[in-house]
Every structure is written in C-alpha cells, then in structure tokens.
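User: Can you walk me through this model? I'll jump between topics as they come up.

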Amino acid sequence: MNGKLTNQPLAELIREIASKELSGALRLEHEQVKTAVYFERGRIVFAATNLRTLRLGVYLKKSGVISEKEFANLKTPGADLSLAASLCASGKLSQKSYDTLLNTLVSDVLRVALLWTEGTWELDERARLDQTAKVTLEPASLLKEAAQRLPLAFVSLRFRNSTETISRKTAGASANDLLPNEGFILSRLDEPLALEELVAVSGLRDLDAYRVIYGLALSGLVEREYWQNAFRTGPAKKDTPKKTPSPTATETAQPVQTDRWAEVKGDDALGEFLERLRAASNFYEVMDVAPKADADEIKEAYYALARRYHPDRFHLKSGTRLHTQISSAFARITQAYETLTDANARSIYNQTLARTQQLAGSHGSKGKTAQHPEDLEFDHKNAAGDQQQAETIFRQGLDLLKQGQVNAAATRLAAVSKSHPQNAKFRAYFGRALAANEQTRRLAENEMQAAVKLEPRSSLYRIMLAELYVELKFLRRAQTELDRAIDINPKNSDAIALLRKLEKLRKVEAKERG
C-alpha cells in the first residue's frame, strides 16, 4: 500500500494505523530525506531517518555517554541501536536513560516528518523491527502539535464536507494541556455538531477553527464523521460514514465524494432541493427568483416550495437527520420569504447585500458572497482582552443583533463568549444570536442553558430560554422555565406575557388535535 503525503499526511496515516491496529514499517520519502516508522498492532515502536542530526548516536554523544571517536565509527542507524544495547549491557548507560533518549529521538524524528506535505509513503505490513529496542510513545500530543504547525491552507483541504458531524470522544483520550481555543471548542461539543456549525460558534476565523478541530481530531479528543482513509484493511472503525466505503489511496488523490443525501435516494428532486439550499448565498437564491422579482412572484415561488417540501409532508421521517435537514432548509425559505415580501425589510436587505458585494470585491473575494459585510471587518483577536474591552465588543454585538445583522452579531458575541466563558450575560446573548439564525438555532439552547447554570437566580435568562423553547415548539420545557422565572420574580411582566402566549398555543394545539 502506498500513496502521496499530499493526499495522506503522516499524522492521518498514524491515526488510521492506530485505529486499525496495523503492524509493519511505514516508509516515507521527502526530497532526499527518508524516514521509517515501525508499528506493532497500531502502536509506534520505533522511528529512524537518514538525517544525521536525528540519529541515536548524536543523542548519545550530546549526553556524554560516548566519545567523538565512537560516534565517528557509527555508519548506520541500525548501528546506533547495537551500540546502545552494548552500552546498557556494560552498565555505561542505564536502561532508564536509554529509554528516555530513545523516546526523545523517535519524537524528534516524527516531529520533522509530520510537517511534510509533499513526498511519498509506503506501508510494508510484513516488515518487523530487528532490534528489541521499542519505545512507549503516545503520539496524541505530537499529532496535535503538528496540526498547529502545518500550513493553514493545507489543513483546510483536510475538510471536504462542511456538514460532516464532529463529536466529542467520551473516553480514551486525555484532555490535558489544552490551549484556550482547543478547550473552548471542546466545551461546545456537549452534543455532536456539523462542522460548519462548530466553526460558526468557535469565535475564530474559519481557517483557524479548522486548524484547532483538525488537531483535536488527530489526537483523538473529537471524532470526525469522514476521514480520507488510505487503507482498506483493519477492523471497522467509525472513520467513514456507514454507507460510504473507504476510498483507496488512489481515490483520495481527488476530493472525496461522500453520499451526503444517502437517505433521499429514490427522490432525486429532494436531494437536489437540499443541495440547492446549501449552495444558496442570498435570499433570492434561496427562493430561486430573480432579484427584480415582485411580491407576487415571490409568493408563488414560496407556495410552490411549500407544496413540495414543507416538513409536514415528511412527518413519517420525524426524528431523523433527514427531517432535521428539511426543517432547517424550509426555515431558511420562510425567513427569505418574510424578508422579501416586506417592502421595508427587503429594501434594508438589498442595501446590505449591495454593500457586502462591494466589500467582497474590494477584498479580492471570488467565492460565495457573505450576507453581512461587517464579518469581513471584524478582528477576532480584539475579543481576547480585558473585561472592559469585552464589554465594548459585547455592546457592538448587541447593537448589530437589534439591527437584524445576525451573522455579524454572532461573530462578536461568540468571541466574547469564548474569551469569558463564565460570563452568563455573554453566553445568554450569544445564544439569542444563534437562535435568530435558522442554521444555528439548535445550538442556542446550549448557550442559554450555560447562562442559566452560571446564574440560576436570573429570571431574564430563564425567560430567554423559554422564548427559544416556544419557537422550537417545546412547550413543556418552556412552561418549566417560565414557572422557575416566576418563582424568582412573581411580578415579572415578560414572564407573565409569555405564559399567556403559551396558554394560547396550547389551546390552538388542543383544537388541532380535537
């Protein structure tokens, strides 16, 4: 089995070999440098390279165990191990010192090879290490470190599907020595999220978020739905979607074409509809109408879409991922319809869209147009300062939210929520921003619940959570939060008004059922 490091970098090869418990020698070549990494049942037991600065003899000489003359007599890496074994037998080198030197050497060899983005690899499953010397290396920290040092553009190419699921691994991985960004992203994975959703709530630039998520996935702290696998052999793991066979090394030289709509086979129109909604960059593309379409044309388009794709038509699939995708897509259609059929809202939206296109052009953007130009201007690093600076950014986010600029607001509120995760106010209003966008609405509950846990005696945050539950039609949960809010403040007018609204909704539901 062989391939190119451009398609399968060493970090991913190590992860896959470990997950499939393969044995053998993984030989890498980059320019004139050659490296071999030996595995036994998925565990790294040794690594060697032809770089003279990364030979055991060099480390023995630096530590003062051998002389310059003894070092000069070493001709091959294999001789390094033979010499070290004899030094241990003579008592000149203790076993503990030897083990430490060997672990350091192997780690350093891997650190160099993990940064190669060009070159070739070959796995020989029949090869075994002749020497008895073996390391006890846990590569998780090395893989995470490599992700932080690899080029951002290369890391971004490791993610081919923005809707793939990212979930937190419940056991088997250590979460020690996390960087702040790593810890923050892990804290957002109370439940599995789509990659694009996790990036949206990270408070980071997309490329920076990809780098952090890639490192967490390589080190085993999170699980990815899709990996670009190199090997067909080995026990089945959760590395690839159930209905998509693992690509071969040759196949992965091209973008992996995963079956994103496997559940809608037999209904090509539905699959095309979901794909079209995913690719739509503005409300006109969502509705599939021209920017100059009048209100009647937009209404006609809405009703045509409702007849075919309203979530109620797919009630038999309720609770499935497909139904969630359809509901999310139609919520986006509803938002577009309500905006474009309201003259004032449409005028404001058109102005925002025009300004965004101008800014995108001035930034040299050739990709999909962003809906909110403020996103292009915000420096995420500004949110990492003190409380006063965070309050300023929070107020900016709140003002943007009031103006209906949801994405720009969410960017700022995510940043301050990340830098001050114990601030209930930041978490609550970040949740409100997420709730205003149909693509991230289901993430809002996590933030609002966090705010309630931080300040359980706040009736305001409980009311905000109850409002979200009403929007999601979780009426029992809304009732629970309102009851608690009223217990805290019996005269809270907002809680009383929402309670009345809740009672009316229940009556309507009862009538529809009756």
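Analyst: One cut-off to begin with: buried means under 20% relative accessible area. The model is predicted. Thr-411 has a relative accessible area of 15%, so this residue counts as buried.

User: Where does Thr-411 lie?

Analyst: Thr-411 is part of helix α18, which covers residues 406–419.

User: How far apart are Thr-411 and Ala-433 in space?

Analyst: Their C-alpha atoms are 9.2 Å apart, with a separation of 22 residues in sequence.

User: Switching to salt bridges. What does the count come to?

Analyst: The count is 18 salt bridges. One of them is between Glu-16 and Lys-20, whose side chains meet at 2.8 Å, N to O.

User: Where do Glu-16 and Lys-20 lie?

Analyst: Both belong to helix α1, residues 10–20, and they are four residues apart, which is about one turn of the helix.

User: Are Glu-16 and Lys-20 buried or exposed?

Analyst: Glu-16 and Lys-20 are both buried.

User: OK, what about Arg-111, which residue does it form a salt bridge with?

Analyst: Arg-111 pairs with Glu-145, and the closest N and O atoms are 3.1 Å apart. This pair links distant parts of the chain, since Arg-111 sits in helix α5 (residues 95–113) and Glu-145 in helix α6 (residues 140–149), 34 residues apart.

User: And how accessible are Arg-111 and Glu-145?

Analyst: Arg-111 has 30% relative accessibility and therefore counts as partly exposed. Glu-145 is partly exposed because its relative accessible area is 25%.

User: Give me the pair with Arg-224. Which residue is the partner?

Analyst: The partner is Glu-164, with the closest N and O atoms 2.8 Å apart. Arg-224 is in strand β8, while Glu-164 is in the loop between α7 (152–156) and β6; the two are 60 residues apart and the pair links distant parts of the chain.

User: Is Arg-224 buried or exposed, and what about Glu-164?

Analyst: Arg-224 counts as buried because its relative accessibility is 5%. Glu-164 is at 0% relative accessibility, so Glu-164 counts as buried.

User: You mentioned β8. In what order do the strands of its sheet come?

Analyst: The order is β7-β6-β8, three strands in an open sheet with antiparallel pairing. The edges are β7 (193–194) and β8 (222–224); each has a single partner strand, so one side of each is left without a neighbour in the sheet.

User: How many bridges join β6 to β8?

Analyst: Three bridges join β8 to strand β6, residues 165–168, and the two run antiparallel. Across that pairing, Ser-167 has Glu-223 in β8 as its bridge partner.

User: Helices again. How many residues of α9 are buried?

Analyst: Six of the eight residues of helix α9 (residues 195–202) are buried, so α9 is largely enclosed by the rest of the structure. The buried residues are Leu-195, Glu-197, Leu-198, Val-199, Val-201 and Ser-202.

User: What comes just after α9?

Analyst: Gly-203, which takes a positive phi of about 75 degrees.

User: Which residue other than glycine has a phi near 65 degrees?

Analyst: Lys-473 has that positive value. Lys-473 lies in the loop between α21 (459–471) and α22 (475–488). Its relative accessible area is 56%, so Lys-473 is exposed.

User: Last topic, surface charge. Which residues form the negative patch?

Analyst: The negative surface patch is formed by Asp-294, Asp-296, Glu-297 and Glu-300.

User: Where does Asp-296 lie, and why does Asp-296 count as exposed?

Analyst: Asp-296 is in helix α13, residues 295–309. Asp-296 counts as exposed because its relative accessibility is 58%, and the cut-off for exposed is over 50%.

Conventions:
Residues are numbered from 1 along each chain as its sequence is written. This is a predicted model: local features need pLDDT of at least 70, side-chain atom pairs count only at pLDDT 80 or more; totals for chains, interfaces and linings use all residues. Side-chain values use heavy atoms; hydrogens and water are left out. Patches are made of residues with over 30% relative accessible area and no salt bridge: like charges are joined within 9 Å, nonpolar side chains (Val, Leu, Ile, Met, Phe, Trp, Tyr) within 5 Å. Accessible areas come from the Shrake-Rupley method with a 1.4 Å probe; for residues, only the protein chains shown count as cover. A salt bridge is a side-chain nitrogen of Lys or Arg within 4 Å of a carboxyl oxygen of Asp or Glu. Lys and Arg count as positive and Asp and Glu as negative; His and the chain ends are not counted. The place of a charge is taken as NZ of Lys, CZ of Arg, CG of Asp or CD of Glu. Buried means under 20% relative accessible area, exposed over 50%, partly exposed in between (1.4 Å probe, protein chains only). Two strands pair if DSSP finds at least two bridges between them.
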